[in-house]
Amino acid sequence: ASLELGPYSHFMQKEIHEQPKALSDTIEVVLDDGFVPELFGPAAANVLPQLTGVKILACGTSYYAGLTAKYWIESIAGVVCDVEIASEYRYRDAYADPNHLVVTISQSGETLDTMEALKYAKSLGHQHALSICNVRESAIPRASELVFYTRAGAEIGVASTKAFTTQLVSLFALAVTLGKVRGRVSAEQEAQYLDELRHLPGSVQHALNLEPQIKAWSSQFAAKNDALFLGRGLHYPIALEGALKLKEISYIHAEAYPAGELKHGPLALVDENMPVVVIAPNDVLLEKVKSNMQEVRARGGELFVFADADSHFVDSDGVHVIRTPRHVGVLSPIVHSIPVQILAYHVALARGTDVDKPRNLAKSVTVE
Ligand code: G6P
C-alpha cells in the first residue's frame with residue numbers, strides 16, 4: 001500500500017489531494033462539449049425536455065450532494081427538486097409524477113437501499129432515471145436509462161471525499177443543462193458557468209494549500225466531545241457533510257444546523273466546550289451568518305470560521321478565521337467541502353483513529 005500512497009499517510013488524505021485532478025477529469029467533457037443533454041447518455045436529448053421536476057435518491061455523503069443540488073436545480077433549471085434518503089423513500093407511499101426524473105447518486109453504484117429505491121420509484125410510475133455514479137457498469141447505472149459517470153478514480157477511504165465533489169460538479173452540470181433545455185440559461189450565462197467550471201480545480205487547489213492552518217486547529221477539536229457546524233443556503237449541506245466526516249472518522253459527536261435555526265434549539269448547547277465551525281462565504285447570506293455568529297459568541301462558544309478572502313473577517317477573542325479562496329460564485333460549496341474534509345482528517349489523526357477504516361462502517365453497503 002505504501003507505494004500506492006506515495007507521499008500521503010492515508011488513502012483519505014491522498015484522495016482529498018486528488019480532487020483538482022478528479023474534478024478536471026470529470027468536467028473535461030463539459031468543457032469540450034458544453035452543457036448538452038448527451039452528457040447524460042444518448043436518450044437524454046429526448047428525455048430532458050419532457051421533465052417537470054427532479055427526485056433525488058441517495059444515502060450518506062451522496063445524499064448531501066443531492067441536498068446541495070436541490071439549490072442549483074430549482075434556481076438554475078426552475079423545476080421542483082426534492083431529495084430523499086433512499087432507505088426512507090423505499091418504504092413510504094410516495095407521490096410519483098411520471099415526468100419527474102429520478103436521479104440516484106452513488107459512488108459505488110451498489111448501495112442496496114439506493115438500488116431498491118430506484119426500483120420502487122419505477123414501480124410507482126416514474127418514467128425516467130439518471131444514475132450519477134463513480135463505478136462503471138455497476139448495478140445502479142445498469143438499471144438506469146441515463147448515466148453520468150464521475151471520474152474520481154477508485155476511492156478507497158471509507159469516508160467519501162473526491163467522489164462527493166465530483167458528484168457535486170456533475171449535478172451542477174445537470175442543473176445547467178436542464179435550465180438550457182428549458183430556455184432559462186442564456187448563451188452569456190452558459191459561458192459564465194463554463195468559465196466558473198474552468199477555474200474550479202485551481203480554487204480547490206488553493207483550498208488544499210490551507211492544510212497546515214487547518215491542521216493547527218485540530219488539537220482544539222481532538223479534546224472535545226461535541227462540535228457544531230453552521231452554514232446557510234447552498235453551504236448548509238456542506239456543514240452537514242463536515243459534521244458527518246468528523247463523526248465518521250474521529251468519533252466526535254457532531255451535528256450541523258442551518259445557522260438561522262440556531263435559536264430554535266442548538267443554542268441551548270453552546271458553551272466553551274462546544275467548538276462551532278462556520279462556513280461563511282461572501283454571499284448574500286453573509287450578514288445573516290455574522291449575526292448568527294454573535295449569538296454563539298455571546299454564549300461563550302468558540303468559533304472556527306472558514307471565510308472567503310473577500311469577506312473581511314479577522315481573528316478576535318474566541319473567533320478563529322481561515323481564509324478560503326476568493327468567492328467563486330455558484331460553485332462555492334465545492335470549494336468549501338475541502339477545508340471540512342481536511343479538518344476531519346487531522347482531528348481523526350490527533351485522536352489516533354483508523355482513518356481509512358473507521359469502526360463499524362463499510363465503504364459500500366450492499367445489505368439492508
Ligand atoms: C457508506 C459509505 C459512505 C457513502 C455511503 C453511500 O456509508 O461509508 O461514504 O457516502 O455509503 O454510498 P454510495 O456508494 O451509494 O455513494
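**View 1. The largest nonpolar core of this predicted model, made up of 116 residues.** Within this core, the residues with the most contacts are Ala175 and Val278. Helix H9, which runs over residues 162–181, supplies the largest share of the core, namely 12 residues. The model shown in this and the following views is predicted.

**View 2. The surroundings of Ala175.** When residues up to four places away in sequence are left out, Ala175 touches Ala69, Trp72, Ile73, Ile76 and Ala77.

**View 3. The length of helix H13, residues 286–298.** Just after H13, Gly300 takes a positive phi of about 85°.

**View 4. The buried and exposed residues of helix H13.** Val289, Asn292, Met293 and Val296 are the buried residues of H13, and because they cover an arc of only 105° around the axis, they lie on the same side of the helix. An α-helix has 3.6 residues a turn, so residues three or four places apart point the same way. What covers the buried residues of H13 includes strand S6 (226–231), strand S8 (276–280) and strand S9 (303–308), whereas the face turned away from the buried side carries the exposed residues Glu287, Ser291, Gln294 and Ala298.

**View 5. The shell of 16 residues around the ligand.** Gly60, Thr61, Ser106, Ser108 and Thr111 come nearest to the ligand. By class, the shell holds five nonpolar residues, 10 polar residues and one charged residue, and its largest share, three residues, comes from helix H5, which covers residues 60–77.

Key: Residues are numbered from 1 along each chain as its sequence is written. This is a predicted model: local features need pLDDT of at least 70, side-chain atom pairs count only at pLDDT 80 or more; totals for chains, interfaces and linings use all residues. A residue is near a molecule or strand if its C-beta atom, placed from the backbone, lies within 6 Å of it. Helices (H or I, at least four residues) and strands (E, at least two) are DSSP runs, numbered from the N terminus. Ala, Val, Leu, Ile, Met, Phe, Trp, Tyr, Cys and Pro count as nonpolar, Asp, Glu, Lys and Arg as charged, and the others, Gly among them, as polar. The expected span of a helix is 1.5 Å times one less than its number of residues. A residue is buried if 20 or more other C-beta atoms lie within 10 Å of its own, exposed if 12 or fewer, and partly exposed in between; C-beta atoms are placed from the backbone. The arc is that of the directions from the helix axis to the C-beta atoms. Two residues are in contact if their C-beta atoms, placed from the backbone, lie within 7 Å. A nonpolar core is a set of buried Ala, Val, Leu, Ile, Met, Phe, Trp, Tyr and Cys residues joined through C-beta atoms within 7 Å.
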